[in-house]
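Please look over the model below.

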Amino acid sequence: MQRALFDDAPSDERLGPEAFVFRRLVQESVAEELETAIASVIAAAPLRHMTVPGGGTMSVGTTSCGALGWCSDARGYRYEPNDPQSGRPWPPIPEPMSRLAKIAAARAGFMGFEPDSCLVNRYAPRTKMGLHRDADERDFAWPIVSVSIGLPATFVFGGLRRRDPVVRVPLEHGDVVVWGGVDRLRYHGVLPVRPGAWPHRTNLTFRRAG
Ligand code: SIN
Ligand code: FE2
C-alpha cells in the first residue's frame, strides 16, 4: 500500500481484490461543485426517510438522481423511474457527479462505467446505515462507486455472508470507495456518524442499476 507524497494527492488502499479506497480523490474545488449539484438534486427530489420492509424507518435521509432511483417501502426494495413522492422522473445525474463516478470506476479497473442511478444519503449526526448488500441491480458486472462528503464516518466492510468478519474503514471528506467484481456483493454499512465540523455527511452511491 503506497501513500502519496503530498497530503492532498489521491492515494489508493485496497479492501479486497477488486475493492479500493481512493483517499481524497475529490479535490476541494470539485467538492464545491458536488455540493451545488447535490443541492440541485435535493431541490428537485427532496430527501425523505424511507420505510424498510421490516416496518422501520431509515435514519438517513435519501433521494436519487438518474434514470432509476432506489426505493424502499413496506413491500421491499426496488428501482423506480419516477420519484414515488412526486410521480415525476428523478432529476438527471449532474455532470460533475457522473464525471467523478467514471474517473473513480476507471481507477479501480472498471472502464466504461456509465451510472444510471445515484443514491444520495444524508447522515445527520448520530445516524447510521445497517449492514446490507447492494443487490437490487440487474448486472453485478458493474461496480459500486461511493463518495463521502462532509463529516467523517466509519465504513464497515464485511464479506459475502452477513456473519463474515468486517473491517472498519475511516472515511473522510473527499474519499471514494469502489467495489466490484469478486467484491461486488460484500456486506457493508456505516457506524453512527459523530458530530463535528460539518452539519452532516453526504454519501453518493453510483450504480448501473438497469
Ligand atoms: C450505502 O451503502 O448505502 C451507503 C454507504 C456510505 O454511506 O458510505
Ligand atoms: Fe450500500
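The protein chain averages a pLDDT of 94, and 95% of the residues score at least 70. pLDDT is the predictor's confidence in each residue, from 0 to 100. Residues 1-7 stay under 50. Where pLDDT is low, the predicted coordinates should not be read in detail.

This is a predicted model: local features need pLDDT of at least 70, side-chain atom pairs count only at pLDDT 80 or more, and totals for chains, interfaces and linings use all residues. Residues are numbered from 1 along each chain as its sequence is written, and side-chain values use heavy atoms, without hydrogens and water.

Histidine 132 is partly exposed at 24% relative accessibility. Aspartate 134 is buried at 4%. Buried means under 20% relative accessible area, exposed over 50%, partly exposed in between (1.4 Å probe, protein chains only).

**Salt bridges.** The structure holds 17. Each is a side-chain nitrogen of Lys or Arg within 4 Å of a carboxyl oxygen of Asp or Glu.

| Pair | N to O distance |
|---|---|
| Arginine 107 – aspartate 12 | 3.0 Å |
| Arginine 23 – aspartate 175 | 2.7 Å |
| Arginine 184 – glutamate 137 | 2.8 Å |

Arginine 23 and aspartate 175 are both buried. Asp73, Arg75, Arg78 and Glu80 are linked in a salt-bridge network.

Notes. Chains lettered and ligands numbered in written order. Contact = heavy atoms within 4.5 Å.
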